[in-house]
Amino acid sequence: MSLRTSIAVHAGLLLLAGSTFAVEPPPPIVPGPTTMTMGTGQATLTSGSTIYYGDPSAQGAAELLSDDLDNVYGLTLATASGSGPSAGDVHLSLITDPSLDAEGYRMTVTDRVVIEATGLDGLFAGAISLIQAAVPNGADLEVPRMTIEDEPFKSQRSLMIDVKNQWHDIPELQKFINLCRFYKVRHLSLHTGESQWIGSVMDSTAGISESSRVSQRLYTEAEMDGLIAYAKARGMYLFPHNETTEGFAGMKHALQTDFDGAGGYPNWVQEAYAD
């Protein structure tokens with residue numbers, strides 16, 4: 001939790017009109033949100049709840065949240081376009097709000113859950129906070145009433161995996177991608193050898209035998225393209241270990257092929273090779 005993180009929690013008991021209301025304890029959101037204000041009571045998600053998305057571009061985020069809730073808690077929620085959720089529903093909303101960072105989000109939990117963000121990265125982060133905040137209660141999930149406004153402290157949040165000296169297959173790398181996003185780590189760096197990354201952008205690697213591919217720690221073009229797409233669909237960005245010496249001209253070309261092409265990734269390649 002950063003020093004600038006503030007958690008506004010009204011602890012203890014509130015006495016109102018002779019009645020006693022217990023304020024919910026703060027859930028273990030990781031990393032600690034920029035602000036979190038707790039309320040009283042919970043929203044209850046059930047098998048009849050629905051995840052709504054107001055913008056068609058948020059459909060993937062809604063479906064991913066549904067899959068995550070099923071994988072983590074065994075609760076399957078339907079997804080649907082539209083807005084105006086009822087009690088127990090979840091709404092993912094893309095909005096225009098200059099006060100929200102590009103990766104920031106606002107999550108408001110009353111008798112329903114509303115996650116607002118200016119972009120998909122914010123919706124991905126807010127969905128993870130919802131998963132972290134949920135508490136199983138029988139077959140249902142309870143989410144404490146609260147309001148969170150959050151944004152990352154640093155834009156570059158990374159984990160490096162060494163696939164040059166300790167090779168990992170694609171399903172294992174997918175696990176690392178999911179590990180990263182559940183902690184809101186946005187970038188996964190693959191420490192590759194030059195031949196690994198060059199091979200992953202060559203059509204000819206498709207003809208390499210399985211045994212040779214594994215022994216040489218090579219990924220095919222289809223495998224690497226699929227892994228990049230898998231990461232991007234989850235708000236994660238994948239990139240290789242970057243060699244900047246003149247002897248690694250092939251690596252430079254491979255990086256530019258994958259990361260400066262259509263669809264684009266951050267232009268860190270140009271920065272690395274700038275004079």
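How many aromatic pairs does the count come to? One aromatic pair. This is a predicted model, so let me start with confidence and then come back to that pair.

Confidence first. The mean pLDDT of the protein is 81. Of its residues, 76% reach 70 or more. Residues 1–21 fall below 50. Even so, that stretch has 36 contacts in the model beyond near neighbours in sequence. Residues 263–275 also stay under 50. For them the model has 27 contacts beyond four places in sequence.

Now the pair. The count was one aromatic pair, and its partners are W167 and Y219. The rings are stacked. Centre to centre they sit at 5.6 Å, with 20 degrees between the planes. Where do the two residues lie? W167 is in the loop between β12 (158–162) and α3 (170–182). Y219 is in the loop between α5 (210–215) and α6 (221–232). So the pair ties together parts that are 52 residues apart in sequence.

Are W167 and Y219 buried or exposed? W167 counts as buried, at 18% relative accessibility. The cut-off is under 20%, so W167 falls inside it. Y219 is buried too, with a relative accessible area of 1%.

Next, charges over rings. K154 lies over the face of F153, 5.4 Å from the ring centre. R234 puts its charged end over the ring of Y230. There the distance to the ring centre is 3.6 Å.

On to helix α2, residues 120–133. The helix has 14 residues. From its first C-alpha to its last, α2 reaches 20 Å. That is close to the 20 Å expected at 1.5 Å a residue.

How many residues of α2 are buried? Twelve of the 14. The helix is therefore largely enclosed by the rest of the structure. The buried residues include G122, L123 and F124, and also Q132 and A133.

A127 is found in α2. A127 counts as buried, at 8% relative accessibility. What does A127 contact, leaving aside neighbours within four places in sequence? L65 and I115. S66 is 61 residues from A127 along the chain. The C-alpha atoms of A127 and S66 are separated by 9.6 Å.

To recap. W167 and Y219 form a stacked pair. R234 sits over Y230, and K154 over F153. Helix α2 is largely enclosed. Please keep residues 1–21 in mind as a stretch with pLDDT below 50.

Technical notes:
Residues numbered from 1 in each chain as written. Predicted model: local features only at pLDDT ≥ 70, side-chain atom pairs only at ≥ 80, totals over all residues. Heavy atoms only, no water. Phe/Tyr/Trp six-rings, centres within 6.5 Å; stacked < 30°, edge-to-face > 60°. Helix = DSSP H or I, 4+ residues; strand = E, 2+ residues; numbered from the N terminus. Buried < 20%, exposed > 50% of the residue type's maximum accessible area, 1.4 Å probe, protein only. Lys NZ or Arg CZ within 6 Å of the ring centre and 35° of its normal. Expected span 1.5 Å × (residues − 1). pLDDT = per-residue confidence, 0-100. Contact = heavy atoms within 4.5 Å.
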